[in-house]
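Hi,

Here is the structure I promised to pass on.

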Amino acid sequence: MERVAIVGVGQTKYERNKKGETFADLVFEAVTKSLNDAKIGIEDIDNVVTVSNDFWDGRTISSMAVTDACGSYGKSVSTVESDGTFGAFYGLMRLLSGSFRSTLVVTHCKGSEGSNHLITNAIFNPIYERIIGLDSISSSALQARRYMEKYGITEEQCALVSMKNHKNAKNNPYAQIAMDITVEDVMNSKPLSDPIKLLDSSPISDGACAIILADERMAKRVATRPVWVKGIGHSTDAYNLGDRDLAEPDALIRAAQKAYNMAGIQNPIKEIDVAEIYDAFSYQELLWSEGLGFCERGNGGKLIESGKTTMGGELPINPSGGVLSAHPVLVAGLARIAEITLQLRGEGNGRQVEGAKVGLAHGINGACGQAHCVWILES
Amino acid sequence: MTNEEIIYPSKINVPYEWSVGECGSRFFYELKENKKILATRCPECKKVFIPPRKTCPDCFIPIGEWLEVGPTGTLITFTVVRYSAQTHPIPAPFAIGIILLDRSDTGLVHLIGGVEVEKIRSGMRVKPAFKEDRRGNLLDIAYFEPVE
């Protein structure tokens, strides 16, 4: 694969309710930050990928609502209605086609403006699953219980993830929920859908994130330290929940393998210095760690207990605080890529993983991690 | 008017009339008229699918064989929903589960009822409780309840 780099990133602060700002305002902020970060102008961008979802925005062809905000007027622009990691993947493909030198990828979501229950209920097949009242929380709870019962993962082990990530968020100025909590706090928090409790869940969030991908020639010309795309993989599982064994992250295992093969990684926990993975719920960090091969299958609970994934551990996971600390839907995957980019440049400030040279960013799309996209980046 | 942050409340109400298709129509007809749960089986891999479908997602070929599954099955996983939302078919707290019906290879998502939520366990054997007033949709089964 030709060398492609990320040369600019920009994030808004993630907050529950960004009143006074439209989602287009958030896009403009993220795009402007990414251009300033790359030290280029909008005229240096030759194509744009916007990432948004019509239901979350409350309007169809949602990319057209942000034309002015992302400078796409007059440029080739397309929309990916999927997690930001997939949007970035499409942006990468546009570069690899040879038709473009630089792609701006920008994603937005104002979770506060719509209804999470209604919107995520609409993910499901109306005739067979939506009618039962499923949404992102209850469906994830089905997966959490299946995973925990099949492999003996405990609620206390999941609580360790919430504890770690909310504490990590204290070092991230963009994170929404930074706090010190104990396992007991998590166990005593309000039950939402057994076994998921309030402190096991990500929040409703507003925010935007932008990255700029450039081909090698442009990347070398640009002032900031380019972060290279070394490997990428994605895969999708079945759509109907009943068609899957929810305890088995088959799609992630395939996606990770593709990314590792491309990047030449054989021992992930040793060769990867830092990871940002999509923990929409506490159990997910454990399940996805297994799918990514950071530990043996069924050992997600032991992994978090070992301390290997804390700051200062062998492979810190989610130094940013992860999705548990800020969950603007669709944005959260691109934010993982942005955070790894900062880490590999040594710009992680209070959340920097010392000497990080190889990083992994992961995003999911669809209910219970139906589809996964894995990125391996290197400085 | 002061410099307040103005909010514009709105709503999208879009009615639909989706065709459930050939398979869905037969499935719901049997549910409504005969209280039978039907599935389809792939001629190649022999996998039995519920809800029934016209093509095998693994082999990518048409499926023509229909068979009855269940009515009993095993509860694979469940959750007790404790928050309220207008998308819920019944008030919280209520249970949703994935049931592997006997003779089926895929699970069916449905409500679990006829039992206190605290007593539900994965691995339980369950059977459908049909409504008297059936309309030709998935809630013609009120819920799946424990087999005594």
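**Helix crossing in chain A**

Let me start with two helices: α4 (residues 84-96) and α15 (residues 331-345) of chain A have axes that come within 6 Å and cross at roughly 65 degrees. That makes α4(A) roughly perpendicular to α15(A). (Axes are lines fitted to C-alpha atoms, for helices over the stretch in contact, and angles run from 0 to 180 degrees between N-to-C directions; under 35 degrees counts as roughly parallel, over 145 as roughly antiparallel, 65 to 115 as roughly perpendicular, and the rest as oblique.) Helices (H or I, at least four residues) and strands (E, at least two) are DSSP runs, numbered from the N terminus.

On the α4(A) side, G84(A), T85(A), G87(A) and A88(A) meet V331(A), A332(A), G333(A), L334(A), R336(A) and I337(A) of α15(A), where contact means C-beta atoms, placed from the backbone, within 7 Å. The residues of this contact divide into 5 nonpolar, 4 polar and 1 charged. (Ala, Val, Leu, Ile, Met, Phe, Trp, Tyr, Cys and Pro count as nonpolar, Asp, Glu, Lys and Arg as charged, and the others, Gly among them, as polar.)

Some bookkeeping: this is a predicted model, in which local features need pLDDT of at least 70 and side-chain atom pairs count only at pLDDT 80 or more, while totals for chains, interfaces and linings use all residues. Residues are numbered from 1 along each chain as its sequence is written, and chains are lettered from A and ligands numbered from 1 in the order in which they are written.

Strand β7 (residues 206-215) of chain A has 9 of its 10 residues buried, so it is largely enclosed by the rest of the structure. (Buried is 20 or more other C-beta atoms within 10 Å of a residue's own, exposed is 12 or fewer, partly exposed is in between, with C-beta atoms placed from the backbone.) β7(A) pairs antiparallel with β1 (residues 4-11) of chain A over 7 bridges, and V9(A) has I211(A) as its bridge partner there. With β4 (residues 102-110) of chain A, β7(A) runs antiparallel over 9 bridges; here C109(A) stands opposite G207(A). Pairing needs at least two DSSP bridges between the strands.

I211(A) turns up again in the largest nonpolar core, which has 158 residues: V27(A), I211(A) and W375(A) touch the most other members. α15(A) gives the most to this core, with 9 residues. (Such a core is a set of buried Ala, Val, Leu, Ile, Met, Phe, Trp, Tyr and Cys residues joined through C-beta atoms within 7 Å.) Among the residues I211(A) touches are A88(A), L334(A) and I337(A).

**Where the chains meet**

Chain A and chain B each put 31 residues into their contact. On the chain A side, α5 (116-121), α6 (136-151) and β5 (191-193) each supply at least two residues, and α6(A) has the largest share, 6 residues.

Most residues other than glycine have a negative phi, and most peptide bonds are trans. Chain B has a cis bond from I50(B) to P51(B), with omega near -5 degrees, and another from G70(B) to P71(B), with omega near 0 degrees. In chain A, phi of N349(A) is near 50 degrees; N349(A) is exposed, with 10 other C-beta atoms within 10 Å.

Cheers

Conventions:
Two residues are in contact if their C-beta atoms, placed from the backbone, lie within 7 Å. Lists of a residue's contacts leave out its neighbours within four places in sequence.
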